[in-house]
Amino acid sequence: MKQDEDLSYRMFRQDYYLRSFRDYAQPTHEKEQSISQFRICPKVLHIDGDSLFLKKCIQLYKRLGLQVHGMYVEEAEMPVKVKILMEKVQPDILVITGHDSYSKQKGDEKDIRAYRNSKYFVEAVREARKFQPSLDQLVIFAGACQSHFESIIRAGANFASSPTRINIHALDPVYVVAKVGYTPLWKKWIFTMLSVAQ
Amino acid sequence: MEKVDIYDVVSRTITREKGIGGIETKGLFRVGLPYMKELPITNEKSKDE
């Protein structure tokens, strides 16, 4: 498992560095070359139902250089607390995760009541979407191990887990968020084309 | 506008498409000018370092 984590981390770094080299390789304007840029990455609010995993995730966020506010909240309280936290932090990316499981005894795979915490995740996503309805203004990742993927996506999350009801890795949400956070808002070639047109 | 390549996202996680799924999303990373010391820093080094 440690090896998998390292692999994923390495792949991410590789991707990010390649991208930054590619961008540097094409200065869009002669004047621009002399001015150095600063880069701003989005604010992340991470709400977790497990304080140990939260700690681990925050370490990785820091390693990847993301701005993060982590909060330990019990799954059942998430729908209530998500609005207060969002007003306080004003995040660009919201991560809702914790523990979840599907039990066959309780019902069919389609029935959300057969899942331990999926209903709270869905409710929390709905609350967050009430606050910020646009899918572009706020990116939401929700879900945990064996969560009901379909209803979380339908509630308005951009990313969710888990389509085949397997146990996801605790750090997977962090990689997804990092990828979103480091994808540039604009493609560089648009600027290149504009400066050529001038 | 650059979208986040979902295939790319999924292939970079540990449990892959079996564990994570999503919809097309806009990238959120912004570049600004000029660079000064107190400005928000990411883990990337500035150009002249």
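## Basis of the description

Local features are given only where pLDDT is at least 70, side-chain atom pairs count only at pLDDT 80 or more, and totals for chains, interfaces and linings use all residues of this predicted model. Residues are numbered from 1 along each chain as its sequence is written, chains are lettered from A and ligands numbered from 1 in the order in which they are written, and side-chain values use heavy atoms, with hydrogens and water left out.

## The sheet

Six strands form an open sheet with mixed pairing, in the order β3(A)-β2(A)-β4(A)-β5(A)-β6(A)-β2(B); strands are DSSP runs of E with at least two residues, helices are runs of H or I with at least four, and both are numbered from the N terminus, while two strands pair if DSSP finds at least two bridges between them. The edges are held by β3 (67–72) of chain A and β2 (21–22) of chain B, each with a single partner strand, so one side of each is left without a neighbour in the sheet.

β2(A) and β3(A) run parallel and are joined by six bridges, and A:His46 stands opposite A:Gly70 in β3(A). Strand β5 (residues 139–142) of chain A is likewise parallel to strand β6 (residues 159–160) of chain A, to which two bridges join it; here A:Phe141 has A:Phe159 of β6(A) as its bridge partner.

## Helices on the sheet

Helix α4 (residues 118–131) of chain A lies across β4 and β5 of chain A and runs at about 160° to β4(A), where angles run from 0 to 180 degrees between N-to-C directions and axes are lines fitted to C-alpha atoms, for helices over the stretch in contact.

α3(A) and α4(A) pack at an angle of about 30°, their axes being 8 Å apart. By class, their contact (heavy atoms within 4.5 Å) has nine nonpolar, no polar and four charged residues, with Ala, Val, Leu, Ile, Met, Phe, Trp, Tyr, Cys and Pro counted as nonpolar, Asp, Glu, Lys and Arg as charged, and the others, Gly among them, as polar.

## The α2–α6 pair

The axes of helix α2 (residues 51–64) of chain A and helix α6 (residues 172–182) of chain A come within 10 Å and cross at roughly 25°. The two helices, α2(A) and α6(A), are therefore roughly parallel to each other, a term for angles under 35 degrees.

In their contact, A:Cys57, A:Leu60, A:Tyr61 and A:Leu64 of α2(A) meet A:Val174, A:Tyr175, A:Val177, A:Ala178 and A:Tyr182 of α6(A). These residues divide into nine nonpolar, no polar and no charged.

Notes:
Angles under 35 degrees count as roughly parallel, over 145 as roughly antiparallel, 65 to 115 as roughly perpendicular and the rest as oblique.
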